[in-house]
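Thanks for coming. Could you put the model up on the screen, please? I'll talk through some packing, some charges and some rings.

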Amino acid sequence: MVGPIGTLAIEAYSIHDWLSLEDLTGVVANLQPGQSHLFSASDELLAAPEIRELVEHGLLVAHQRSLASLLTEGERAGLIRLGVPAEDGDLQRLVSFAGRARSVPRDLWVTLSSSAYLLDESQLAEAKPLSADTRYAEFRRFLGAAEGHPDWSGIARGFAFRRDFESELESLVIGLVQNRNLPEHPIIVHGATGTGKTIALRSLAYRLARLREYPVLFIDQAVDQSAREVVDRFCQWAEDEGAPTCVVMWDGMNEIDDYDDVVRFFAGRGRRVVLVGSTYRASDLVLKRRNLVAAPSDLTSAEVARLDGFLRGFDERLGAVAKFGATADSSFLAFLYRLLPPTRVAVRRGVVRELEWVERKLAELSTLPDAGPAPRTALGWALLEAGLLPRLELDGASTVNVSGEEFSAVEDLTALVMVPGQFGLAVPLELLLRATGQNGYVNIPKLLRDVDLLRWVEDREGNYQLAARSRLEAQLIVRSRLGNTTGEASHAGRLITEARGVEDAISGRAELDFVVGLVRAIGAQGLDPERYLPAYPSIAASLRELREDRGLANPRLMLQEANLLREWSTKYRPPGEENHGARLRALSEASSVLAAALDLLPVERRMPLRSHLHVELAATLATHAQTLSAVPEAEAQRVALYAKSRDLLLQARSEDQTSYYPVDVLAWATRDVVRGGLLQDEDRADAVAEVLGAFDLLDPLELNPSQIDRYYERQQEFADTVGDIELADAAFESLAARNSGAGVYLRARAMANPSLLGMGLPRTDGTRTRNALQYLAQYPDLVAQDVRCQNLQFDLWWVLYGGQRIFADERYCLPFNGARWREALAMIERLERLGRTYRDVPLLLLRGLTEFHLGDLSAAFSTFDEVRRRSDEVRGRRRIVRSYLASASDGRPVIHNGTVLWVSDDLRRGEVQVDELRRRVTFIPREFGARDLRPGANLGDFHIAFNFLGPIADPPGYLPTRREVR
């Protein structure tokens with residue numbers, strides 16, 4: 001802690017502290033005598049030679065008393081005042097980590113509170129004691145509050161039963177937070193609904209926060225990935241305040257790949273964030289990954305044994321329940337339903353009976369004159385008497401016919417809440433009222449005051465929603481009351497067709513987001529796509545009605561509509577029926593919808609949605625071609641559809657150059673036409689070359705874990721399909737005649753495949769690489785106009801003369817002389833002129849690297865500025881990894897020297913004027929230990945490293961460490 005006059009107070013420091021004695025000595029030695037004070041100094045610490053020398057020279061004043069005791073004594077003597085500054089008052093949020101409490105800046109926690117729960121000191125205070133009866137009542141209330149605001153006081157009182165898997169989870173989290181490396185993957189808790197995932201994450205978040213070593217955030221399912229920006233701001237503040245790591249518990253029930261994207265986002269910004277997420281049961285394909293913790297549906301014998309004592313701690317009668325087994329879910333309904341199959345019929349009946357009671361209660365209450373809240377002003381009374389504050393009428397309203405069944409108004413209302421409720425979705429209030437034909441709302445809060453099955457909730461933007469108490473209850477109600485997916489689709493369709501866009505809805509984008517979430521939950525991305533597959537055309541028809549009749553043409557919704565039609569045409573096969581006509585009509589309709597969606601997007605803006613639409617349209621056209629395989633006379637149409645699909649995929653690849661999905665669709669679409677024998681030899685060669693080139697440019701290590709397995713499977717499948725490419729001379733000449741370099745590419749790649757070449761090129765690999773380059777050099781005209789050949793030539797050249805693939809290592813010193821650098825720059829310029837290299841930003845960085853080594857510093861730093869502006873296009877750790885060092889032709893790093901220009905107060909950023917370059921570059925002061933970092937001081941020797949954020953001064957000691965790792 002630094003006082004207002006510059007006095008440095010050091011508390012709770014030990015020999016084994018993360019801050020080494022050498023670093024501490026360097027800091028204290030640069031201060032004035034008597035300026036630094038060491039409190040709680042142990043005998044072991046005072047015996048250290050470094051500390052003893054500082055004390056002897058008067059640079060450090062040692063105190064065996066604690067700083068807290070000294071401050072308390074000063075307050076008693078009236079010398080100082082302790083407590084919250086008057087300007088902060090009750091608005092202060094204190095969060096403790098790294099040994100002390102910090103006050104979170106007001107603008108930061110206000111913004112953060114709309115996305116995440118920060119476990120500050122107000123949540124960590126000791127819970128007040130309760131009487132036995134009150135404790136039991138609070139325990140029951142805790143069990144009934146599965147979703148919504150976390151009940152931290154209930155967790156503090158021990159209301160959460162701890163399952164066995166939580167020990168494994170906690171061990172993984174502690175291991176990651178103590179690891180000094182940048183986290184590369186999230187920890188995922190996966191399991192079915194009702195297995196205790198949410199309670200486990202909340203409990204672990206509370207326990208970690210109680211340690212007061214790391215700041216802890218908890219994010220619930222209602223928050224989307226846009227929250228990562230404000231979380232990143234908080235984590236940056238926390239790191240600036242000394243937090244070694246931030247822990248984020250994200251109970252989003254998202255796909256594992258979504259969490260991987262979030263980790264890459266944080267890693268790309270250099271944040272040390274341990275992310276723990278939740279999802280449903282992972283597929284067998286994903287189970288092989290690390291950091292995956294299963295929340296089993298069944299209790300272990302140890303859990304059953306502990307459960308007896310746990311329940312008896314609240315009421316002796318509850319202990320009898322344990323002999324049947326239970327779950328750690330916060331609802332006893334899930335326990336009864338999931339683990340006691342004989343009771344399931346009774347459970348269903350109980351839930352339905354409760355629903356019927358709720359519906360009767362709502363109908364009765366809606367007719368009472370005082371069902372609404374009393375207005376607080378004369379204007380409010382006047383509006384109410386004038387009928388401008390309408391009530392929700394559920395008793396006298398007419399019945400509703402849905403799929404041939406009659407529902408009362410209240411039954412209709414509950415069904416419209418429960419259908420999305422089974423997917424964990426809350427319905428925006430205005431949308432629900434429009435779907436029911438009601439316009440009353442003023443009495444809804446009071447109607448639901450005594451009803452728990454339906455809940456009135458408010459999202460973080462202040463929009464009102466109605467939600468089911470739990471997913472499992474909603475699922476039981478829906479399947480008992482509606483019976484089949486036809487009824488569910490009808491209710492879902494009514495909600496869909498009543499949605500409004502951002503400009504027309506009171507709740508902004510909430511209704512649009514709800515519809516997208518509902519369709520995804522029902523569709524192929526949902527948990528039970530096979531169940532709802534027959535209803536896909538019905539849901540798509542509702543989206544079409546919303547678009548054509550209601551005027552809401554939104555590209556996000558149109559993407560979902562087309563996906564439903566394509567998935568239905570691909571997978572739906574009713575018994576004894578094969579209707580090619582209906583499938584082809586669905587695919588044609590999907591293509592039209594996607595084409596219209598693309599027309600709605602601004603051409604000049606770069607956005608992921610455009611790439612997604614292009615990929616979906618390409619997949620639809622390829623599926624159309626596949627479906628036409630049953631029509632012998634349609635071969636020409638199939639080839640035309642494939643050609644259009646391929647063009648769209650190449651465009652999608654150029655729009656999102658790190659995405660795997662365009663390559664995946666390109667591979668299976670090409671596989672189908674090759675298997676069908678639809679292409680001439682030269683066309684087949686050109687198509688195969690495109691797929692192989694796409695696979696070669698993808699780095700599997702940069703893909704999401706679920707995509708890595710698919711990448712290798714698809715690559716192997718494609719290789720098995722096309723076999724060894726032996727291009728006949730006639731086909732080769734035919735390709736050359738139409739200026740295609742595909743033949744040259746295939747033959748050169750057969751000699752040396754760059755994706756199979758590693759570091760330390762063996763002699764045989766070197767010979768094959770030289771032969772391939774010589775072969776490419778024989779066809780300069782074809783190579784010059786074919787981006788596949790140019791990419792291959794550049795990769796092989798780099799491996800041959802650089803010793804490894806591009807970006808394969810960290811702090812690598814390239815052994816290039818001036819001629820080699822000029823040759824590299826010429827190849828990069830040729831690639832850039834061709835366009836569609838599918839690696840624009842990496843090539844930009846390599847261009848800046850070559851310009852730097854050729855001495856054209858003005859051009860180099862201008863290129864680095866452009867790389868920095870586009871660095872968000874690079875995913876994951878690669879963005880900040882220092883891939884290369886400025887090097888000499890012998891492969892040794894160049895030593896630079898410079899003067900410190902400025903250093904930030906937190907020692908996280910600074911700039912140094914490099915003497916040899918007469919340019920300023922960034923450096924991270926903390927990396928340079930005890931060196932003199934004052935402005936004007938000489939920084940000493942350093943290397944210059946390069947990443948996608950530009951050149952950066954790199955301590956010389958980092959390179960030997962990297963070489964040891966190699």
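Contact here means heavy atoms within 4.5 Å. Helices (H or I, at least four residues) and strands (E, at least two) are DSSP runs, numbered from the N terminus.

A word on the source. This is a predicted model, so local features need pLDDT of at least 70, side-chain atom pairs count only at pLDDT 80 or more, and totals for chains, interfaces and linings use all residues. Residues are numbered from 1 along each chain as its sequence is written, and side-chain values use heavy atoms, with hydrogens and water left out.

Back to H39. The helix runs over residues 857–869, 13 residues in total. From first C-alpha to last, H39 reaches 18 Å, close to the 18 Å expected at 1.5 Å a residue. That expected span is 1.5 Å times one less than the number of residues.

Which residues of H39 are buried? Leu857, Ala860, Phe861, Thr863, Phe864 and Val867. They fall within an arc of 155° seen down the axis of H39, so they line one face of the helix. The arc is taken over the directions from the helix axis to the C-beta atoms. On the other side of H39, Ser858 and Arg869 are exposed. The cut-offs: buried is under 20% relative accessible area, exposed is over 50%, and partly exposed is in between, with a 1.4 Å probe and protein chains only.

Now charges. Side chains of opposite charge can pair when their charged atoms come close. A salt bridge here is a side-chain nitrogen of Lys or Arg within 4 Å of a carboxyl oxygen of Asp or Glu. By that rule the count is 52.

Take Arg811 and Asp954. Their side chains form a salt bridge at 2.8 Å, N to O. Arg811 sits in the loop between helix H36 (787–802) and strand E17 (812–813), and Asp954 in strand E23, so the pair ties together parts 143 residues apart in sequence. Arg811 is buried, at 10% relative accessible area. Asp954 is buried too, at 0%.

Next, Asp872 with Arg879: a salt bridge at 3.5 Å, N to O. Buried or exposed, for Asp872? Asp872 is exposed, with a relative accessible area of 52%. Arg879 counts as buried, at 9%.

One more pair: Arg882 and Glu927, 2.9 Å, N to O. Elsewhere, salt bridges that share partners join Arg646, Arg653, Asp686, Glu690, Asp786 and Arg788 into one network.

On to rings. Rings of Phe, Tyr and Trp (its six-membered ring) pair if their centres lie within 6.5 Å; planes under 30 degrees apart are stacked, over 60 edge-to-face, and the rest tilted. That gives 26 aromatic pairs.

Look at Trp798 and Phe816. Ring centres are 5.5 Å apart and planes at 80°, so the pair is edge-to-face. Trp798 is in helix H36, and Phe816 is in the loop between E17 and helix H37 (818–834), 18 residues apart. Trp798 is buried at 0% relative accessibility, and Phe816 is buried at 2%.

Trp798 also pairs with Tyr884, again edge-to-face: 6.1 Å centre to centre, 70° between the planes. Tyr884 lies in strand E18 and Trp798 in helix H36, so the pair ties together parts 86 residues apart in sequence. Tyr884 is buried, like Trp798.

What is the aromatic cluster made of? Phe794, Trp797, Trp798, Tyr801, Phe807, Phe816, Trp821, Tyr884 and Phe948.

Tyr801 has a charge as well: the charged end of Arg820 sits over its ring, 3.7 Å from the centre. Arg93 does likewise over Trp109, at 4.3 Å. The rule: NZ of Lys or CZ of Arg within 6 Å of the ring centre and within 35 degrees of the ring normal.

Last, the whole chain. The protein chain has 40 helices and 23 strands. Of its 966 residues, 51% are buried. Among contacts between residues at least 6 apart in sequence, 71% join residues at least 24 apart.
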